Amino acid sequence: QQKVIAFLKQKYLQDTGSEALIPISWAKFLSIDDEHAPIFDVEQMDRDERAKGSETFLQAVYALNLPQRLPEKKVKRLEFMLAHDTTGKKDAQKPSRQQPISTTFNPTNPSHMVQHINLSNFVHRRFSKASFREFLEAIVDMRCLRALSLSHNGIDDSYIEELELIFLNQNVKAIDLSRNELGKFAAIHIAKLLKEDVSHVEWIDLSRNRFQSDYTSIVGLAAGLKAQTNLQHFTIDVNHPTLETFTGSEPIARILLVRENLHSMGLIDSKLTIEAMRIITKMLKEPSRHIAALDFRFSYLSTDCIFSLAKAVEVNRSLVSLNLSHNALYNPAAAVLIKALKENICLCDLNLAHNRLDDIFAEELATALKHNDILWRVDISGNPIGPRGAQYLLRTLQEYNDALESLGELSENFEMGILNIEEIRKTLLVNKASKEVRAKIVSEGVSKSQAPLDLRAAGLKNEVAQDFLETELDDYRVNKPILFSNPAYNEPGDFRLWNI
């Protein structure tokens, strides 16, 4: 490998006269964040964690000011007091609690009433079984706790008892265990818990662990997720490094057939078969189903899968967010999706970042944006779009579209040219500001019958908005209603349907 690299560097120097810039990590090679890299650069992440600070997992737990575990004698005394009156006699009118308090939980303490705890990225900062167990025992009585984020902590198959404590906690309905070291044994145990002992899980992320190529584990997890009657979102990855005919995505896709209240699904870093995509698109076409978000990052969908997905998007009336970043999409496949958007009236967030889309695609997108005033964000960052494509987009945004607010991180699209990027950014800011002004007008009670209306004549009390109007939006008139005012959330702490 080193000989090949040395040879290519020498050839590059001879042909171009300059040294080749060799990426030092997968993340830099793909121009993405470290957490999204398909292969983790452990040394780089270790350096980054040390640069952020030296706080250990146990120190972070203590900083949360969680309840403390009570001595066993005191717990038994509390059980007795809960079941009896002050004289020590059994109180028939006062039934005993099924789960007596075992910690110093205090509902008047704000630290004990939190809804979401995030203790992720401690894999290189003394994450231990003892400190982890202490944390899980401390939160057992926290009645308001709904979500736990424990991503990238190095949790492996030796943490079976701790995993049981997580899943058996009836209060915790959203669990993030992504980017850990969970293997086949842990996956089968989680599947058993989900099938036999647990029915309260609503949001779960098990992606980027070490069981993604084990078919038995995947089938077991699929059965466990089907047993969760209130399941609204899950993310998982199913892939086999060598087996081309791997069908692990099919049992995962069949969860959609059973769980009618499932609103969001992620199959990232996965190999999707045609049958799996057929099931997904069938549910997208079903009027009674309300799937709001699909995530296929790093899944490298085949052309047949993309065409099938595009046909479903064209008739779907519920999908709000679709992530197809890092799928090596070329112009023809993306063009089919863009054409489908002309008929779609719901999709607001489309992620096509880091594909292989150029000026031809940009022209197709610009044409679609002339007729689509629903899209809030189309992420095209990291694509080889040149100045010609940038001009197509800029002209459309200036003349036809005032709904789009973002095209992603355009600083990665250096081929567009700095001036084009800055002009597009300014136009997108005007779109965003105009919607904020329209929202202000509606909140001030301006009648719809008054539109089109000179914004300065609306009598806004907001001085900042007024100053902006006088400088940037002079004589701008309101011609459309508010389009998309709330950001899209897909975090375990706020995992219900978005408010549109």
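User: How many helices and strands are in the protein chain?
Analyst: The secondary structure comes to 18 helices and 10 strands. These are DSSP runs numbered from the N terminus, helices being H or I with at least four residues and strands E with at least two. This is a predicted model, in which local features need pLDDT of at least 70, side-chain atom pairs count only at pLDDT 80 or more, and totals for chains, interfaces and linings use all residues. Residues are numbered from 1 along each chain as its sequence is written, and side-chain values use heavy atoms, with hydrogens and water left out.

User: What share of the residues is buried?
Analyst: Of the 500 residues, 47% count as buried (under 20% relative accessible area, with exposed over 50% and partly exposed in between; 1.4 Å probe, protein chains only).

User: And what share of the contacts comes from residues 24 or more positions apart?
Analyst: Such pairs make up 80% of the contacts with a separation of 6 or more in the protein chain. A contact means heavy atoms within 4.5 Å.

User: Switching to Asn413. Where is it found?
Analyst: Asn413 sits in the loop between helix H16 (387-399) and helix H17 (418-443).

User: Buried or exposed?
Analyst: Asn413 has a relative accessible area of 1%, so it is buried.

User: Which residues does Asn413 touch?
Analyst: Leaving out residues up to four places away in sequence, Asn413 touches Ile380, Ser381, Gly382, Asn383 and Ile421. A polar atom of the Asn413 side chain lies 3.0 Å from the backbone oxygen of Ile380. Pro384 is 29 residues from Asn413 along the chain, and their C-alpha atoms are separated by 6.7 Å.

User: Now H14 and H15. At what angle do the axes cross?
Analyst: The axes of H14 (residues 331-340) and H15 (residues 359-369) cross at roughly 0 degrees and come within 10 Å. Axes are lines fitted to C-alpha atoms, for helices over the stretch in contact, with angles from 0 to 180 degrees between N-to-C directions. H14 and H15 are therefore roughly parallel to each other (angles under 35 degrees).

User: Which residues meet there?
Analyst: From H14, Asn331, Ala334, Ala335, Ile338 and Lys339 meet Ile360, Phe361, Glu364, Leu365 and Ala368 of H15. The residues of this contact divide into seven nonpolar, one polar and two charged.

User: Last one: where is Thr56, and what does it touch?
Analyst: Thr56 is in the loop between helix H3 (42-52) and helix H4 (57-63). Thr56 counts as buried at 13% relative accessibility. Not counting residues up to four places away in sequence, Thr56 touches Phe122, Arg125 and Arg126.

How values were computed. Polar contact = N/O pair within 3.5 Å; in protein donor to acceptor, adjacent residues only side chain to side chain. Parallel < 35°, antiparallel > 145°, perpendicular 65-115°, else oblique. Nonpolar A, V, L, I, M, F, W, Y, C, P; charged D, E, K, R; others polar.
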